[in-house]
Amino acid sequence: GMGGMGQQMGGMGGMGQRMGGRFGGFGFDEPRARRASAGDFSEPQGRRAKPALVAHELAMSLEELYSGCVKKFKVTRHRSGSPESTVHEITVRPGWKAGTKLTFPSAGDDSGPGTPAGDLQFVIVQKPNQRFERRGDDLEATVRATLKDVVSGQPIEVWHLDKTQPPLRAKLSEVQLEKGRQVIRFPGRGMPVSTQNRKTKGSRPGDAVLVVEIAIPKTLSDAQRSAICAALD
């Protein structure tokens, strides 16, 4: 009768409670148990929704992104309600950028026995570098100089990000005005282009760029002004 049907539907609320899993291993809060509604059982029997994707940041130095490397990353996931540790080996390709994502299907948590596991994702994050800043595929370093250094064409030398390569050598008299900045450009000595971007960008690396900040004297004597004007004539 209708009373028996009500008892059967009431028993289904326990199923909704059992479906709540714990995602604490990846920083998720434990879902609150709730009673099932008719919409919870609209899918075929035995089919369960996958848990949400879990993302981890993978911090990399600019040197590692330049040369490429292999990283091993240990994570803890929950399977059938029990924690377990897994190690994922990630091959970082030369030229990868911050924001690059690597997804491991079904390598995350599940919601209980017999349920599908969610995906696991690593997102590349670049650590700050003391000498260089990455702009696209270019590597930029700031060099400070006096007006005298520029006028006299003093030589400068900056170590490349890759210590196996020759330093970036130039004379300050080689500066060029580029978009309001004084720069010295070294074509092809920037970041390599990652393999997945070669179809759109080609295989030519970016440039190394020295941005020259010139300290202008606040005051000049007449003799200094005359000397500067003579040098610029």
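These are my notebook entries on a predicted model, taken one topic at a time.

**Ground rules**

I number residues from 1 along each chain as its sequence is written, and I leave hydrogens and water out, using heavy atoms for side-chain values. Since the model is predicted, I ask for pLDDT of at least 70 for local features and count side-chain atom pairs only at pLDDT 80 or more, while totals for chains, interfaces and linings use all residues.

**Overview**

I began with the inventory: the protein has five helices and 12 strands. Both are DSSP runs numbered from the N terminus, helices being H or I with at least four residues and strands E with at least two. Next I looked up burial, and 33% of the 233 residues count as buried. My cut-offs are under 20% relative accessible area for buried, over 50% for exposed, and partly exposed in between, with a 1.4 Å probe and protein chains only. For contacts (heavy atoms within 4.5 Å), I took pairs at least 6 apart in sequence, and 57% of them join residues at least 24 apart.

**The core**

Which residues have the most contacts inside the largest nonpolar core? I found Phe132, Ile184 and Leu210, in a core of 35 residues. Strand E7 (residues 138-146) gives the most to this core, with four residues. By nonpolar core I mean buried Ala, Val, Leu, Ile, Met, Phe, Trp, Tyr and Cys residues joined through side-chain atoms within 4.5 Å. A general reminder to myself: in soluble globular proteins, nonpolar side chains tend to be buried together.

I then listed the surroundings of Phe132, leaving aside neighbours within four places in sequence. Its contacts include Leu62, Leu139, Val158, Trp159, His160 and Leu168.

**His160**

Is His160 buried or exposed? His160 counts as buried because its relative accessibility is 1%. Its side chain reaches the backbone nitrogen of Asp162 at 2.9 Å. I call this a polar contact (N or O atoms within 3.5 Å; within protein, one must be able to donate a hydrogen and the other to accept it, and residues adjacent in sequence count only if both atoms are side-chain atoms). Not counting residues up to four places away in sequence, His160 touches Tyr66, Arg131, Phe132 and Arg189, among others.

**Strands around E5**

I turned to strand E5 (residues 120-126), where five of the seven residues are buried. Strand E1 (residues 54-60) runs parallel to E5 and is joined to it by seven bridges; Ala59 stands opposite Val125 there. Strand E4 (residues 101-104) pairs with E5 in the antiparallel sense over four bridges, with Lys101 opposite Val123. I count two strands as paired if DSSP finds at least two bridges between them.

**The five-stranded sheet**

What is the strand order of the open sheet of five strands? I read E6-E7-E12-E11-E10, with mixed pairing. Strand E6 (133-135) and E10 stand at the edges with a single partner strand each, so one side of each is left without a neighbour in the sheet. Neighbouring strands of this sheet are turned by 45° against each other on average, direction ignored. The axes are lines fitted to C-alpha atoms, for helices over the stretch in contact, and angles run from 0 to 180 degrees between N-to-C directions.

Walking through the pairs, I found eight bridges between E7 and E12, which run parallel, and Val143 has Val212 as its bridge partner in E12. E11 and strand E12 (residues 208-215) are antiparallel over four bridges, and Val183 is partnered by Val211 in E12. E10 (residues 176-178) and E11 (residues 181-186) are antiparallel too, with three bridges, and Leu177 stands opposite Gln182. E10 and E11 form a hairpin with two residues between them, and Lys179 in the turn has a positive phi of about 50°.

**Salt bridges**

How many salt bridges does the structure hold? I have 13 on my list, each a side-chain nitrogen of Lys or Arg within 4 Å of a carboxyl oxygen of Asp or Glu. Lys71 pairs with Glu64, the closest N and O atoms being 3.1 Å apart, and Lys71 counts as partly exposed because its relative accessibility is 24%. Arg134 and Asp137 form a salt bridge with closest N and O atoms 3.5 Å apart, and both residues are buried. Salt bridges that share partners join Asp138, Glu178, Arg185, Arg204 and Asp207 into one network.
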